[in-house]
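Colleague: I'd like to learn how to read helix packing in a model. Can we work through one together?

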Amino acid sequence: MIILIFIISHWYLSLFSQTFFLHRYAAHKMFEMSNFWEKVFYIFTFITQGSSYLSPYAYGVLHKMHHTYTDTEKDPHSPKYDKTIFSMMWRTKELYSSIFDKTVDIDDEFTNGVPQWQAFEKFAHNWMVRLLWAAAYTAFYVIYADAWWVFLFLPVHFIMGPLHGAVINWFAHKFGYRNFNTDNTSVNLMPFDFLMFGEGYHNNHHKNAQNPNFGSKWYELDPAYPIIKFLDFVRVIRIIKT
Ligand SMILES: [Zn+2]
Ligand SMILES: [Zn+2]
């Protein structure tokens, strides 16, 4: 039971960091926040993604490229150009790493406005730190798992961040329904996206990439949107009206 609570909490907290901070803020700048709050959410992302912490800078740049080059050969990840989800994840990882290490030339349009906190990332992005997180997850399982098969869920914790990305980048360009006839393969994964915290409304998002509400139809509830509205109300962030 404790392990189940751990899996569910880790899934949704990590997902919230990804959709709120990496995707809607770092990549799309749907809202603004002060330097202080930006740093708070850097640390929140580090704690919630842990061993699979994704750099807001590298994620932001990579994701902006996805929107510009969707379903073309220059798309960082596309089921059209990758045979399996694993080969897509590997190709994405390679480009992500070269963006993070700054070993690839990237057009200014993709780097402009994407947040960077190099001193923090040096620590949070380090392999030793990742291994320490993985050891902590394993220790938690050793203490609380009450059957051997429970350990089969452990790898999910190790790769949580990239796993969430891959689910959207693969399945939400392959299986689902469309509200909008966009010139790409984006689809909405499910009418009520309780699993991917609004990220599943990917066709809506490709249609209107700056809209902080990913839902479009009345039944498409985006769980992240009320939280964004609340954070705007209490002035932690300021939604940019477009
Ligand atoms: Zn997409
Ligand atoms: Zn996007």
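**Two helices in contact**

Modeller: Leu13, Ser14, Ser17, Phe21 and Leu22 of H1 meet Phe41, Phe44, Thr45, Thr48 and Gln49 of H2. Contact means that the C-beta atoms, placed from the backbone, lie within 7 Å. These contact residues split into five nonpolar, five polar and no charged. Ala, Val, Leu, Ile, Met, Phe, Trp, Tyr, Cys and Pro count as nonpolar, Asp, Glu, Lys and Arg as charged, and the others, Gly among them, as polar.

Modeller: This is a predicted model, where local features need pLDDT of at least 70, side-chain atom pairs count only at pLDDT 80 or more, and totals for chains, interfaces and linings use all residues. Residues are numbered from 1 along each chain as its sequence is written, with chains lettered from A and ligands numbered from 1 in the order in which they are written.

Colleague: At roughly what angle do the axes of H1 and H2 cross?

Modeller: Two packed helices are described by the angle and the distance between their axes. Here, H1 (residues 2-27) and H2 (residues 35-49) cross at roughly 145°, with axes coming within 8 Å. Axes are lines fitted to C-alpha atoms, for helices over the stretch in contact, and angles run from 0 to 180 degrees between N-to-C directions.

Colleague: How many helices and strands are there in the protein?

Modeller: Eleven helices and two strands, as DSSP runs numbered from the N terminus (helices H or I, at least four residues; strands E, at least two). Along the sequence the pattern reads α-β-α-α-α-α-α-α-α-α-α-α-β.

Colleague: What box do the C-alpha atoms fill?

Modeller: Roughly 50 × 45 × 40 Å, along the principal axes.
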